[in-house]
Amino acid sequence: MKLYELAIQKPKITSPYGYRIHPITKKKTFHAGLDLISLTGNRNLFAVDEGYVQLVHKGNTGYGNYIWVRYPRYNLSLLYAHCKSIKVKKGDKVKKGTIIGIEGDSGLATGVHLHLGMTKIGSNAWLNPTNIKVIADNPTPTPKVEYYIVKKGDTLTKIAKKYKTTVKQLVAWNNIKNPNLIKIGQKLRVK
Ligand SMILES: [Zn+2]
């Protein structure tokens with residue numbers, strides 16, 4: 001799945017990213033984003049991941065009413081342009097699926113659509129939104145390793161109990177030859 005597909009329900013690309021004849025000015029211009037409409041007619045505009053609202057602008061020229069949202073996990077900023085209305089304000093935190101605005105035709109637009117622009121965070125260079133894939137929501141967490149320094153009176157059984165593991169596991173992690181012989185000050189992996 002592509003990231004832009006999360007910005008609007010069942011999107012259809014009505015104008016791709018790249019050079020085109022501008023529908024209003026009729027000049028060959030660079031189209032710095034994707035024009036999308038929803039095949040279901042749902043006009044909600046959605047946040048595509050956890051992020052925050054970088055900028056909200058209300059106007060009737062160019063991109064009209066528009067929203068910039070930063071998505072740190074992707075290192076991307078997304079521009080939602082030509083909105084009918086905006087449901088968020090600068091600094092708001094959003095989650096995947098948060099409704100941030102309503103699709104419209106404010107500014108220089110021939111009809112109701114979402115113009116979706118994309119840059120790296122902090123960059124002015126446009127990127128092609130069709131190239132970006134969705135990152136899995138729950139990547140396998142990397143195991144958290146923890147160590148313990150053996151103190152006076154410790155036994156592997158006590159340490160295993162303390163860290164909710166087993167003597168067998170401690171022996172395996174630490175390559176212990178004799179489980180009855182651990183030394184004070186010895187560093188043991190316990191998680
Ligand atoms: Zn556009």
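N75 counts as exposed because it has 12 C-beta neighbours inside 10 Å. The burial scale works on C-beta atoms placed from the backbone: a residue is buried if 20 or more other C-beta atoms lie within 10 Å of its own, exposed if 12 or fewer, and partly exposed in between. N75 sits in the loop between β7 and β8. Its phi is positive, about 55°, although N75 is not a glycine. Most residues other than glycine have a negative phi.

K164 is another such case: its phi is near 50°, a positive value in a residue other than glycine. This lysine lies in the loop between α1 (156-162) and α2 (167-174). K164 counts as exposed because it has 8 C-beta neighbours inside 10 Å.

## Model and numbering

This is a predicted model: local features need pLDDT of at least 70, side-chain atom pairs count only at pLDDT 80 or more, and totals for chains, interfaces and linings use all residues. Residues are numbered from 1 along each chain as its sequence is written.

## Overall shape and domains

The protein chain has 2 helices and 13 strands. Both kinds of element are DSSP runs numbered from the N terminus, with helices being H or I over at least four residues and strands being E over at least two. The C-alpha trace spans about 85 × 30 × 30 Å along its principal axes. The radius of gyration of the protein chain is 26 Å, whereas a compact globule of 191 residues would have one near 16 Å. That radius is taken over C-alpha atoms, and the globule rule is 2.2 Å times the number of residues to the power 0.38.

The domain assignment gives domain 1 (3-131) and domain 2 (147-189). Such bounds come from an automatic or database domain assignment. The centres of domain 1 and domain 2, taken over C-alpha atoms, are 56 Å apart.

Buried residues make up 27% of the 191 residues in the protein chain. Two residues are in contact if their C-beta atoms, placed from the backbone, lie within 7 Å. Among contacts between residues at least 6 apart in sequence, 62% join residues at least 24 apart.

## The largest nonpolar core

A nonpolar core is a set of buried Ala, Val, Leu, Ile, Met, Phe, Trp, Tyr and Cys residues joined through C-beta atoms within 7 Å. The largest one holds 31 residues. Within this core, A7, I67, V69, L78, Y80, I100 and L116 touch the most other members. At least two core residues come from each of β4 (34-38), β6 (51-57), β7 (65-71), β8 (76-86) and β11 (114-120). β8 gives the most, with 7 residues.

What does A7 contact, leaving aside its neighbours within four places in sequence? The partners of A7 are L36, L45, F46, V48, Y80, L114 and L116.

## Strand pairing

Two strands pair if DSSP finds at least two bridges between them. β6 has an antiparallel pairing with β7 over 5 bridges. In that pairing V53 stands opposite V69 in β7. β6 is also joined by 2 bridges to β9 (residues 93-94), again antiparallel. Here G51 stands opposite V94 in β9.

β4 pairs in the antiparallel sense with β1 (residues 11-15) over 4 bridges. S38 in β4 is the bridge partner of P11. β4 also pairs with β11 in the antiparallel sense, over 3 bridges. There, L34 has L116 in β11 as its bridge partner.

β10 (residues 99-103) runs antiparallel to β5 (residues 44-46), and 3 bridges join them. F46 stands opposite I99 in β10. β10 is also joined to β8 by 3 bridges, and these strands run antiparallel. C83 stands opposite E103 in β10.

## K84 in strand β8

K84 lies in strand β8. Is this lysine buried or partly exposed? K84 is partly exposed because 15 other C-beta atoms lie within 10 Å. Not counting residues up to four places away in sequence, K84 touches I102, E103, G104 and S106. K84 and L116 are 32 residues apart in sequence and 14 Å apart in space, C-alpha to C-alpha.
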